Number of protein chains: 2
Amino acid sequence: MVQFSAQLDAGFSALSDRTRRGILERLGRGDASITDLAAKFDMTLTGMKKHVHILEDAGLVTTEKVGRVRTCKLGPRRLEDESTWIAKYREMLEARYDRLEAFLERTKGDES
Amino acid sequence: MVQFSAQLDAGFSALSDRTRRGILERLGRGDASITDLAAKFDMTLTGMKKHVHILEDAGLVTTEKVGRVRTCKLGPRRLEDESTWIAKYREMLEARYDRLEAFLERTKGDES
């Protein structure tokens, strides 16, 4: 498992804020300008820019400035490493319960 | 999609630190005391207790104190909501690329 990964740190950290997850969900329905996003989430432009910057650093949002408007799009990162990490955690948890079950089964056998 | 979820905030935030992910990976191989974990990660007991507390609050680690030893186990949360959220993000990204491809396809048609 990739343990020491700055990318995983940045990815999970970007996702740990409900406003940022909301921005990603909004961009899933179509591109939006920083101004649109600020209005939708009832934030100042400065506050929204900070969130978008964190998402951009994590590779979850791409921005492009044309004239005076900066448009935000979803991607390019697909959160593959994050998805793999969580899947591995779930496997470890299952394995832990399987070991516990096997232990209890053996203990039951000893009692009879 | 569950957008306003304190549980998702706590889950993703707990996973955003490589030491905490390392602790979970270590616990996947078997239970460990706070002292064991502090030694393995070359940290003070106080520092390790803070990390374990964050993991415990997020439901990713359970601790039990017997005598003077506090043992840490993986679980009980299975990170289902986090997994679902990431899967939805990936679907949104795919859909975005599909729409882009369809648009480019139409544009190509216009040119010919």
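Which residue of chain A forms a salt bridge with B:Arg21? In this predicted model the partner is A:Asp9, and the closest N and O atoms of the pair lie 2.8 Å apart. A salt bridge here is a side-chain nitrogen of Lys or Arg within 4 Å of a carboxyl oxygen of Asp or Glu. The rule finds ten of them across the interface of chain B and chain A. As this is a predicted model, local features need pLDDT of at least 70 and side-chain atom pairs count only at pLDDT 80 or more, while totals for chains, interfaces and linings use all residues. Residues are numbered from 1 along each chain as its sequence is written, chains are lettered from A in the order in which they are written, and side-chain values use heavy atoms, with hydrogens and water left out.

Now for the contact as a whole. Chain B and chain A put in 44 residues each, contact meaning heavy atoms within 4.5 Å. About 4,000 Å² is buried between the two chains, with 54% of that coming from carbon and sulfur atoms; buried area is the accessible area (1.4 Å probe) that two parts lose on being put together, summed over both.

What relates the two chains? Chain B superposes on chain A by a rotation of 180 degrees with 0.0 Å of shift along the axis (RMSD 0.0 Å), fitted by least squares on the C-alpha atoms of residues with pLDDT of at least 70 in both. That is the relation of a two-fold axis. The copies meet through the same surface, because 100% of the interface residues of chain B are also interface residues in chain A.
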